[in-house]
Amino acid sequence: MTRRLLFLLPLASLALMAGFFAWSLMAGRDPAAIGSVMVGRPAPRLDLRALRDGDKPLTDALLRSGKPVIVNFFASWCTPCLAEHPLFTRLAQRDGAVIVGIAWKNKPEEARAWLAKLGDPYLYAGLDFDGKTGLDWGLSGVPETYLIDGTGIVRYHFRGPVTEKDVTDVIIPFLKAKQ
Amino acid sequence: MIPELGHFALILALVVALVQGTLPLVGAAKGDDRLMALGSTAALTQALLVLIAFAALTQAYVTSDFSVVNVVANSHSAKPLVYKITGVWGNHEGSMLLWALILALFGAAVAIFGANLPDTLRARVLAIQALIGTGFLAFLLFTSNPFERLSPAPPDGNGLNPLLQDPGLAFHPPLLYLGYVGFSVTYAFAIAALLEGRVDPAWARWVRPWTLAAWCFLTLGIALGSWWAYYILGWGGFWFWDPVENASLMPWLAGTALLHSAIVVEKRDALKSWTVLLAILAFSLSLLGTFLVRSGVLTSVHAFAQDPARGLYILGFLIAVTGGGLALYAWRAPKLSPGGLFQPVSREGALILNNLLLCTLAVTVLLGTLYPLFLDLLTGNKVSVGPPFFNATFVPLCAPLFAALCVGPFLGWKRAELWPALTQLRLAFFVSVAAAVVAAAVVDSRSTLAAVAFGFGVWLIVGSIVEFASRIRLARVPWPESLRRLRATPRAAIGMTIAHGALGFVVLGSVATGAWHLEVIETLKPGEKTHIAGYDVTLQRVENVQGPNYVAERATLAVTTGGRPFTTLQPERRLFVVQRRQIAETAIQTNLLRDLYATLGEGDPNTGWVIRLYLNPLAPWIWLGAALCALGGFVSLSDRRLRIGAPTRFRARTAGPGMTGGTRGPRSA
């Protein structure tokens, strides 16, 4: 009997492997997605001059207001940022999301012109001209987006443009849950 | 019109494959000669039809017929002719068609060369081949039709992936597929044997040439892929433990194990169910590789366009082929006659050790490749398993394998003495220890491990030479006698010596390149100079050049040594206009003992260009060794005793243990 079981072993291993493969295909996961070390930790330091003339500088206090905040790094020279921009506009207008926009390695006048042309969804807009804040935030490029809960903990980190699916599956539920 | 003909031929091929996959099986079960004979005819017809389909697609590529979606997506009128042809398999649909073609050609080869197989065995092997073919043809027709039309036809195509516009990669897939698909024949033989209920030395002798052929092609395919990665990726490395590389390594390891275990079946009529299992696994691992590359469950630099629907189809196919095979194995294999006990110190004992180690290596690679996937699914953690894992697991496992490799051939069958074998190898032992000591003392004292590995490489080469010298009793008997023995040595033995020694060259090349390479990265402006290992390298100029379908920056590096001109290196960075993709074209100067390797990075006239220089000692030996390894396989394949048509002792053999099911129908001698 044990001998028989031995001969079944290859088949059992295959079944186990095939199960994982099927699961992986069904789950529709993206193997290229990179995990983030930022998730679950307090949001890094924020101390930036404002992008728009006359605004107050951006500080950490914005991230610990008790309300969930979306932090979005963008740049006027970045094409994927253009792609995700309408989603943020809609989030701000329809869902009343608090969105902090940070222009990364971008000339302020170019960033302002870009927002003037496309619409400005950012309640707060900062300028990270030399990219130092981006460094603190573990940025690998733009666009990247962080969801921060009311206590200042990073809950989600999107590398690359946010998609329609991200908005409906993650961002909206996140905003609702914390309100 | 011609694409439609190709499409139609493919549909006909599917129908023929269905007939070939069913009726001969029925014929073999019922002992009906006419139904069994159908297998050969159908195999030849199917091969012809798939060949027509392949020719039709090639024609569409050569004439740049942009009314075919596949041509639009993967070709461009400005492409050189050779890449128009290789573009046929440089994409998902075309490469699957190539796969189906090779499968059908192997089926036809079994029909042609298998005239001396027993009728039932041949009918069953051909039917299993055809069932596999049915899966691939249906996959092509239902999910990946290469002949799909597009209207209106665009004026030009999108071009082939620039990485593939390279002689190394252009011919890498056909070789690799010859290997992968070649294992389908061993799979078919294994399934047929399980259906027949008999595995005997004659069976092993029939399987071995097919295994050997597949193994040789796979060896060449892997070597070509690794060579390509070496000179095109521009990182100076030659093996990256990338999932796609691992996918080709696993069937190679299983195939190598099969090659050795089949000898035990042939000579000792033992290790049968294990050999059958290996035959099933070698092909299953080939399919697994295909699944991993094309389904998108793992990422890789080589990833094809990925589509979950295709992934599910290939998974279903993988489960049907592997699961079907393994289920049949679980049911029938326990009834195969066990092979009796072995002495641990004997030729067969050594071959079993070889099998254990090779299979452990294959499992290690499998776990390393799939672990990130399992972990991600179970915990959501993303990890990447790379060289550190494989260096810590795969490499140490090679040590006992290599150590035993030279001893095995000195051991006799059934029962042998270890000590006499070892004394014959004392020269090889002392030479390799000396080589390791010299390597540690002179070349690099930091890495003891590399020095030890280097010693193993020398051990493999010297050990193989010593084994051959002792076979022809060189210097022990007068040389005319040695010459006579040399002429009488079977090709299979010569092939073994070549392949074993060649492995030593691969090891030496890998160790030296991996552990002792030198690397210099500098930003140079024209006129500036750097140096590497006694060579002074001056960047003379960087110019723009126009290729057929790319523009490139080409650096001219003047290399001098001791003040005298040595060579000129011209690495390029090509921008393929249609795809907006940059590819580095390395410049390599080799003297067969080391490669001087240069790549051109980003830069501009003001800040200078990033130039990377590598000195890779013994790097060419990696690929020369691999080619020599395959040559050993081909030499062995040319052995008269392995010819498929050679007279067999089949009739004289007693039948296997009683089993229900499959008839042991009449067989021709």
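**Strand β6 of chain A**

Mentor: Five of the five residues of β6(A) are buried, so the strand is largely enclosed by the rest of the structure. Here a residue counts as buried if 20 or more other C-beta atoms lie within 10 Å of its own, exposed if 12 or fewer, and partly exposed in between, with C-beta atoms placed from the backbone. Strands (E, at least two residues) and helices (H or I, at least four) are DSSP runs, numbered from the N terminus. This is a predicted model, in which local features need pLDDT of at least 70 and side-chain atom pairs count only at pLDDT 80 or more, while totals for chains, interfaces and linings use all residues. Residues are numbered from 1 along each chain as its sequence is written, and chains are lettered from A and ligands numbered from 1 in the order in which they are written.

Consider the two faces of the strand. Glu144(A), Tyr146(A) and Ile148(A) point one way from β6(A), Thr145(A) and Leu147(A) point the other way, and all are buried.

Next, the neighbours. β6 (residues 144-148) of chain A runs antiparallel to β7(A), and five bridges join them; two strands pair if DSSP finds at least two bridges between them. Within this pairing, Arg159(A) of β7(A) is the bridge partner of Glu144(A), and His157(A) of β7(A) stands opposite Tyr146(A). The hairpin of β6(A) and β7(A) has five residues between the strands, and Gly152(A) there takes a positive phi near 90 degrees. Strand β3 (residues 69-74) of chain A also pairs with β6(A), in the antiparallel sense and over five bridges. In that pairing Phe73(A) is opposite Glu144(A).

These strands belong to an open sheet of seven, in the order β2-β1-β5-β4-β3-β6-β7 (chain A), with mixed pairing. At its edges stand β2 (58-59) and β7 (154-159) of chain A, each with a single partner strand, so one side of each has no neighbour in the sheet. Helix α5 (residues 164-177) of chain A lies across β6 and β7 of chain A and runs at about 155 degrees to β7(A). Such angles run from 0 to 180 degrees between N-to-C directions, with axes fitted to C-alpha atoms, for helices over the stretch in contact; two residues are in contact if their C-beta atoms, placed from the backbone, lie within 7 Å.

An automatic or database domain assignment gives the domain bounds, and chain B is divided into domain 1 (1-160), domain 2 (162-334 + 346-366) and domain 3 (518-620).

The largest nonpolar core has 196 residues, and those with the most contacts inside it are Ala100(B) and Phe189(B). A nonpolar core is a set of buried Ala, Val, Leu, Ile, Met, Phe, Trp, Tyr and Cys residues joined through C-beta atoms within 7 Å. Helix α9 (residues 201-232) of chain B gives the most to this core, with 21 residues. Domain 1 (1-160) and domain 2 (162-334 + 346-366) of chain B both give residues to this core, so it lies between them. Apart from that core lies another, of 38 residues, including Ala43(A), Phe88(A), Ala103(A) and Leu127(A).
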